[in-house]
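User: I'm new to reading protein models and would like to walk through one. Can we take it bit by bit?

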Amino acid sequence: MTSSAFRTPGRATGLVSLVGAGPGDPDLLTRRAVRRLQEADVVLYDALVNPDVLDLTGSAQRIFVGKRAGRPQVQQDFINRLLVRAARRGRNVVRLKGGDPFVFGRGGEEALALVAAGIPFEVVPGVSSAIAAPELAGIPVTHRGISAAFVVVSGHAAEAYSPVLSTLAPQSATVVVMMGLASSASIAELLIERGWLPSTPAAIVSGAATTNARVWTGTVADLADGAGESAGEAPATIVIGEVVSMGAILGAELAAPGERARSTSEALGTAAAR
Ligand SMILES: C[S@@+](CC[C@H](N)C(=O)[O-])C[C@H]1O[C@@H](n2cnc3c(N)ncnc32)[C@H](O)[C@@H]1O
């Protein structure tokens, strides 16, 4: 069957936008992401997408394709087929993913499926929690004189993180681990075996940019002792490296988004009154 067999006569193929929803707070969406959501006919979204972000979609059909506790995961092939079918029906489709679509988000796989099917698509970058989660806790992933590099690994399997972390010179970079709570003790043990100081500062930032945001700080030795396993349900990003110490100074001083908005409008008001 040719691709044209799926098309509604007279309707051009729709555009598929692979859109990053950022770490949670809708204020962290890009303007393009907001526009695509408002213009969408269909939105396929993941579990980590904040419901307030979905509320920007207007009358679009919303289809949940994420992981839900106790239910089998929706197969990637099925999602790819949904994207292709909706676009061939002339719909503008948003594939909405937490953070950035190309950071541990399978956005690349979906893009390849769209290319294979001849569907026009675009990528709308999002704010990745790899950087935003530490940042919102006052932890810069690089800082002159402290850390000149950062590496981001997935903790979902040893095959994913071990080759990278085993070759990293001790204390040479900030290590950011996503999907890593269950493996945090193994990761910490690996780093200590490879010569990292057990006293290296570590943080677990969970629910960043949501109302459930929490920050735990300790050391790599604490992680090796299992501190990460009791970090709770919210999605969490682990940060390891000397930069974590800066969170104690900057995190405490960071204005909450509401306070920032108030002080900005006060400043603007003062400027306008001048
Ligand atoms: C499947 S990965 C998706 C990453 C996403 N594409 C990104 O760029 O942020 C999911 C992981 O992202 C991290 N994550 C997502 N949202 C987060 C948040 N609000 N706070 C902290 N970490 C978060 C966690 O490590 C979680 O296990």
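User: Let's start with one residue. In which loop is the place of Ala209?

Analyst: Keep in mind that this is a predicted model. Strand S8 covers 201-206, and strand S9 covers 214-219. Ala209 has its place in the loop between S8 and S9.

User: Is Ala209 buried or exposed?

Analyst: Let's count neighbours. The cut-off for buried is 20 or more other C-beta atoms within 10 Å. Ala209 has 21 C-beta neighbours inside 10 Å, so it counts as buried.

User: What is the phi of Ala209, roughly?

Analyst: Ala209 is not a glycine, and still its phi is positive. The value for Ala209 is about 65°.

User: Now the ligand. Which element gives the largest share of the shell around the ligand?

Analyst: H5, S8 and S10 each supply at least two residues of that shell. Among the 25 residues around the ligand, the nearest are Gly99, Ser128, Ser129, Met178 and Ala208. The largest share is three residues, and the element that supplies them is H5.

User: Where does the shell lie relative to domain 1 and domain 2?

Analyst: Domain 1 runs over 12-127 and domain 2 over 130-252. Both give residues to the shell around the ligand, so it lies between them.

User: By class, how many residues of the shell are nonpolar?

Analyst: The shell has two charged residues and ten polar ones. That leaves the nonpolar class, with 13.

User: Back to H5. How many of its residues are buried?

Analyst: H5 spans 129-136, and its buried residues include Ser129, Pro134 and Glu135. They pack against S6, S7, S8 and S10. H5 is largely enclosed by the rest of the structure, because the buried count is eight of the eight.

User: What comes just after H5 with a positive phi?

Analyst: The phi there is about 80°. The residue that takes it is Gly138.

User: How does the end-to-end distance of H3 compare with the span it should have?

Analyst: H3 is residues 76-88, which makes 13 residues. At 1.5 Å a residue, counting one less than the number of residues, H3 should span 18 Å. Its end C-alpha atoms agree with that, because they are 18 Å apart.

User: Which elements do the buried residues of H3 pack against?

Analyst: The buried ones are Ile79, Leu83, Val84, Ala86, Ala87 and Arg88. Their partners are S1, S2, S4 and H4.

User: How many residues has the largest nonpolar core?

Analyst: In soluble globular proteins, nonpolar side chains tend to be buried together. Here Leu44, Leu83, Val93, Ala203, Val205 and Val239 have the most contacts inside the core. The core's number of residues is 67.

User: Why does this core lie between domain 1 and domain 2?

Analyst: The reason is who contributes: this core lies between them because residues come from both domain 1 and domain 2.

User: Last one: is Arg144 buried or exposed?

Analyst: Arg144 lies in the loop between H5 and S6. The cut-off for exposed is 12 or fewer neighbours. Arg144 has 7 C-beta neighbours inside 10 Å, so it counts as exposed.

Methods. Residues numbered from 1 in each chain as written. Predicted model: local features only at pLDDT ≥ 70, side-chain atom pairs only at ≥ 80, totals over all residues. Near = placed C-beta within 6 Å. Helix = DSSP H or I, 4+ residues; strand = E, 2+ residues; numbered from the N terminus. Nonpolar A, V, L, I, M, F, W, Y, C, P; charged D, E, K, R; others polar. Domains from an automatic or database assignment. Core = buried A, V, L, I, M, F, W, Y, C linked by C-beta atoms within 7 Å. Contact = placed C-beta atoms within 7 Å.
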